[in-house]
Amino acid sequence: GGIDGYFASPVAADGKIYTASHQGVVCVLSAESPWKVLDSAELEEEIWATPAIGPGRLYVRTQKALYCYAG
């Protein structure tokens with residue numbers, strides 16, 4: 001995992017790092033060493049934009065949709 005093209009910058013909040021690959025895979029990593037993949041989602045659409053973080057939310061824009069993950 002993790003070997004993919006990335007145009008979006010990684011973002012961090014709440015002790016986690018969020019990445020979004022060009023191929024549409026969103027990964028949640030622990031921010032502590034050693035990094036561990038905590039979760040991932042395959043959105044099956046291209047992602048060019050950096051995810052945005054709001055209070056208790058992660059927003060991911062793909063080519064066709066805007067996703068909001070609440071936690």
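So, Thr 62 is buried, with a relative accessible area of 4%. Keep in mind that this is a predicted model. Why do we call Thr 62 buried? Because the cut-off for buried is under 20% relative accessible area, and Thr 62 comes out at 4%.

Now look at what's around it. If we skip the neighbours within four places in sequence, Thr 62 touches Leu 43, Glu 45, Glu 46, Ile 47 and Tyr 67. One of those, Glu 45, also makes a polar contact with Thr 62: their side chains are joined at 2.7 Å.

Okay, let's move to the sheet. Here we have an open sheet of four strands, in the order S1-S2-S3-S4, and the pairing is antiparallel. Which strands are at the edges? That would be S1, residues 11-13, and S4, since each pairs on one side only. On average, neighbouring strands in this sheet are turned by 20° against each other, if you ignore direction.

A quick reminder for anyone new to this: the strands of a sheet pair through backbone hydrogen bonds, and they can do so in parallel or antiparallel fashion.

Let's take its two partners in turn. With S2, residues 16-20, S3 pairs in the antiparallel sense over five bridges. If you want to find one of these in the viewer, go to Tyr 18, whose bridge partner in S3 is Val 28. S2 and S3 form a hairpin with four residues between the strands, and in that hairpin Gly 24 takes a positive phi near 100°.

Then there's S4, residues 37-42. S3 and S4 run antiparallel, and five bridges join them. Here are two bridges to look up: Val 26 has Ala 41 in S4 as its bridge partner, and Leu 29 has Val 37 in S4. The link from S3 to S4 is a hairpin as well, and this one goes through six residues.

Definitions and conventions
Residues are numbered from 1 along each chain as its sequence is written. This is a predicted model: local features need pLDDT of at least 70, side-chain atom pairs count only at pLDDT 80 or more; totals for chains, interfaces and linings use all residues. Side-chain values use heavy atoms; hydrogens and water are left out. Two strands pair if DSSP finds at least two bridges between them. Axes are lines fitted to C-alpha atoms, for helices over the stretch in contact, and angles run from 0 to 180 degrees between N-to-C directions. Buried means under 20% relative accessible area, exposed over 50%, partly exposed in between (1.4 Å probe, protein chains only). A polar contact is a pair of N or O atoms within 3.5 Å; within protein, one must be able to donate a hydrogen and the other to accept it, and residues adjacent in sequence count only if both atoms are side-chain atoms. Contact means heavy atoms within 4.5 Å.
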